[in-house]
Amino acid sequence: MEFYKKCNTIFMKAKRWLIILTVTVVSLLVVCGTAFFLLTEPAVKIGGWATLDTAKLERIHQTVTIKGLDGNIVADGIYSNNRIYTPLSEIPEHTKNAFICIEDKRFYRHHGVDYVRMMGALKNNVRSASFKEGASTITQQLIKNTHLSNKKTFSRKFQEIRIAKELERNYSKDRILEAYLNIIYFGNNVYGIGQAARTYFDKDVANLDVAESALLAGIINNPTRFNPLLKKENAIKRRNVVIDRMADIGKIEKIDVEREKAKDVIISPMRQNPYSVYIENVLTEAARVLDCLAEELFEKKPTIIVNTKTGTLNDIYSSMSDILYKTGHDVRALVVDNFSSLVVGDYGNIFNSPAIRRQPGSALKPFVAFAPALEKKCVYPVSILQDEKTDFSGYSPKNFADKYYGDITVSDSLKYSLNIPAVKLTDMCGVEYAKSIASRFGLPFSDKDNGLAVALGGLNEGVTLYELANAYSALANGGVHSPASYINSIQVDGKCVYKKKNVQSRAVGSDTAFLLTEMLRECAQTGTAKKLACFHNVAAKTGTVERGDKNSDAYCVAYTPRYTVAVWFGNDDDGKPIYGGNEPTLLAKKILEVLHDTNGFTVPDTVTKLDIDTKKLTDEKAVYLAGADLPPRYRKSCWFSKNHLPTRYSYFETPFIFDDTFDSDNFDDFEILYEIDE
């Protein structure tokens, strides 16, 4: 009896605990369910959370037109993100099925959220103790890509679900699918099914077969991992998974599976609009001047008048098209009209180029080392510097190949891009003063750019090619900095809503600008940019940046009185070596030949040409004006700023033969400067 009572007591206690546990679990489920409903119900407004904005979906229909100054169309019907808009009626059934089968097989049965799939993903994530498996429907993916960020947070997920529900209440399934297929990202700067079909297979969407459709559907899960251009095997494996899924769901016959899998994947060479980079930068500037987001620009359906002519664009592109797509390197070339501060050409084989910041290498030297020294009147172009291994309080830069040349003029040290003289000039002026002068040319510095390494282009964040081009253009303009613009005007509904205005500021005096230009003309004749020696009116500077055991960046910025041509080659992957004096200079030469500027540089009234005594320069390392009785063989005519003239005159002494020890035929690659620690 006692045993029975004891067992009964235990049973009753267990029963009570089970009831309590059941009530607790049910209560938690009710609370969680209620919370989930409130958080994901569109009718329940939550402050600070995103709501449905159909304008963001309609942008796929909206276009921008770009016209040149000659009235000819540069690009018409530009959709956001370089899309080719494709109506759902033009997309084959098997193409639509490929995306639905792999991304959202219950697309036509749910109302924006697939709860069955969500529970399955939750179970798998609990088992794996991770959040690697998602359960987003096509509707949710569309909302994420148009309304929200890619951050994996509960807040973002709840907002995604609630907006997806609201979208399903306002849009039909076909309308949602059409928007989705025209918005999704396929890698390689390709957005939308229309552009993907054209880029990867060189055909219209209507002509895609099952295997091609399956490959495109497979890319979007991970555009990097399944990139058909770089990782073809991965793309084929993923394609076959999509084909199997289509068969499992009954969208293709089982007997067709192996035939579709056996098809070879023939990817066409990348076909880009030759002006893709130019167009991208035009749209970026248009959004900036209209103070709107890039995607909002398309809502306005503007006509943009750019500061170039279609003939100029075509001619320059024709001269460099082979280099762009056959070089094996990243390439960009920017052309600025100095007279009017207009961008007349921008070409490249990479995208997002306006935002790309790279180490400038020796291309920065004129602005951080030489312009400050001339502007501060510390040196003349013919002043002698000692090029020797030097320790600057712990900073010990090296010349290329660790070679040093002793006595050298300021002008020649720039011509041959020697490092020690450049650092000495920056140290002489002070880093802060040097940076303040370079900043007037529009060149940026971070708070961490406080050392002498800035003299050699060693920056924390780097510069853009656009900033470099503007800096050199200021030298061509006599020291006046005026940021070049792509856009002349913008029209919306036939009305002008923006007109270009020139913004000018003086960076350095006209004397400093002219003296630097003369020094850089020597660089183009017999220095590191001597491949441009065929031009009598070109000033140029090269730059090469070494990273590890290879060169990562190479530049040539060349300018005539009318044009500035800035060229960059990048090499982040293994590839053949690049040097500023080689590939970039050869491309700059091609472009300058097309531009054919015959103008000569104007001599400002702030400079004068005087004879100096070369014997005194060699013997005493001092600049003396030539005395009246100095023999011609000891005379050399040099440019000086009228605000900074030598005050001493020489006198006749015993004859002396000036010996220039430089071999000017071996200076192609002298601008390699330093190893950048990443």
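**Terms and their limits in this model**

Me: What makes the pair Arg332 and Asp346 a salt bridge?

Reply: The closest N and O atoms of Arg332 and Asp346 are 2.8 Å apart. A salt bridge requires a side-chain nitrogen of Lys or Arg within 4 Å of a carboxyl oxygen of Asp or Glu, so the pair qualifies. The model is a predicted one, in which local features need pLDDT of at least 70 and side-chain atom pairs count only at pLDDT 80 or more, whereas totals for chains, interfaces and linings use all residues. Residues are numbered from 1 along each chain as its sequence is written, and side-chain values use heavy atoms, with hydrogens and water left out. The structure holds 27 salt bridges.

Me: Where do Arg332 and Asp346 lie in the chain?

Reply: Arg332 belongs to strand 4 and Asp346 to strand 5 (residues 342–348), 14 residues apart, and the pair links distant parts of the chain. Helices (H or I, at least four residues) and strands (E, at least two) are DSSP runs, numbered from the N terminus.

Me: Why is Arg332 called buried?

Reply: Its relative accessibility is 3%. Buried means under 20% relative accessible area, exposed over 50% and partly exposed in between, using a 1.4 Å probe and protein chains only; Arg332 therefore counts as buried. Asp346, at 0%, is buried as well.

Me: What makes Asp619 and Lys615 a salt bridge, and where do they lie?

Reply: Their closest N and O atoms are 2.7 Å apart, which meets the limit for a salt bridge. Both residues lie in helix 22 (residues 614–620), 4 residues apart, about one turn of the helix. An α-helix has 3.6 residues a turn, so residues three or four places apart point the same way. Asp619 is partly exposed at 40%, while Lys615 is buried at 9%.

Me: Why is the pair of Phe107 and Tyr108 called edge-to-face?

Reply: The ring centres of Phe107 and Tyr108 are 4.9 Å apart, with 75° between the planes. Rings of Phe, Tyr and Trp (its six-membered ring) pair if their centres lie within 6.5 Å; planes under 30 degrees apart count as stacked, over 60 as edge-to-face and the rest as tilted. The pair therefore counts as edge-to-face. Phe107 is buried at 0%, whereas Tyr108 is partly exposed at 45%.

Me: What makes the pair of Tyr185 and Tyr191 tilted?

Reply: The angle between the planes of Tyr185 and Tyr191 is 45°, at 4.7 Å centre to centre, so the pair falls in the remaining class.

Me: How do you know that the charged end of Lys173 sits over the ring of Phe107?

Reply: The charged end of Lys173 is 4.5 Å from the ring centre of Phe107. The rule asks for NZ of Lys or CZ of Arg within 6 Å of the ring centre and within 35 degrees of the ring normal. Arg175 likewise lies over the face of Tyr171, at 3.8 Å from the ring centre.

Me: What makes the pairing of Lys541 with Ser417 a polar contact?

Reply: The two side chains meet at 2.9 Å. A polar contact is a pair of N or O atoms within 3.5 Å; within protein, one must be able to donate a hydrogen and the other to accept it, and residues adjacent in sequence count only if both atoms are side-chain atoms. The contact therefore meets the distance limit. Lys541 is in strand 12 (residues 539–547) and is buried at 0%.
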